[in-house]
Amino acid sequence: MRIFNQSPPSETETKKRILQAAVRLFARSGYDGTTTRDLAAAAGVAEGTLFRHFDNKKAILIQVATEGWVEILTDLLTELSEMGNYKAVAQVMRRRMLNIRENSDMMRVCFLEAQFHPDLRDRIQLEVIGKMSVVAEAFFETAMEKGVYRKMNPKIVAQVFLGMFAVAGFSQNTIGEPNASPQEMQEMAEGLADIFLNGVLVKD
């Protein structure tokens, strides 16, 4: 029988395993309820290895949440930028919302832990939300110039759009309700898009 020697995981692979384990544990037990020993065991590494890659547990949380927010908003804005029809924003939001369940652990960490760690919240605001808002603002400004949307402050529109998407992602019908049906999630996504595009007042 031939025995093949498996090469040890690279530094990049080890770091990825630590971050993946952190997402699972932080989502299930919370940041405060997770020890570095728990993280090391879940990642299949020695506790000392953990500290070769990260200064402390907070550094792990910050990287997990920051990268999570980047992924969530980049996917959304990439779809927006590739739309052939500006009015298709409803379909974009529906697809994004329906994909939320697949990343429920990551979103739970991104939303919940940011509420309890001001340094994390400030970093997300500075490095992620602010930059993504600029991209969204440019998108809506172009749409207004083309006459698709009525003229108004594109910065405010971008902030409202990203804010509605974020709040909906944190709602009981997505993260907090594991038994929500695909139909319920789709209805919420369509309602969100409808309110954003058409408002709630009856037009004269």
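1. A quick definition to start: a crossing of two helices is left-handed if the near helix is turned anticlockwise from the far one by less than a right angle, and right-handed if clockwise. By that rule, α1 passes α2 in a right-handed crossing.

2. Keep in mind that this is a predicted model, where local features need pLDDT of at least 70, side-chain atom pairs count only at pLDDT 80 or more, and totals for chains, interfaces and linings use all residues. Residues are numbered from 1 along each chain as its sequence is written, and side-chain values use heavy atoms, with hydrogens and water left out.

3. On to the overall picture: you'll find nine helices and zero strands (DSSP runs, H or I of at least four residues for helices and E of at least two for strands, numbered from the N terminus). Of the protein's 204 residues, 42% count as buried (under 20% relative accessible area, with a 1.4 Å probe and protein chains only).

4. Back to that helix pair. The axes of α1 (residues 11–29) and α2 (residues 36–43) come within 8 Å and cross at roughly 120° (axes are lines fitted to C-alpha atoms over the stretch in contact, and angles run from 0 to 180 degrees between N-to-C directions). That makes α1 oblique to α2 (oblique is what remains after under 35 degrees, roughly parallel; over 145, roughly antiparallel; and 65 to 115, roughly perpendicular).

5. Who touches whom? From α1, the contact uses Arg17, Ile18, Ala21, Ala22, Arg24, Leu25 and Phe26, and from α2 Asp38, Leu39, Ala42 and Ala43 (contact means heavy atoms within 4.5 Å).

Note on methods
Buried < 20%, exposed > 50% of the residue type's maximum accessible area, 1.4 Å probe, protein only.
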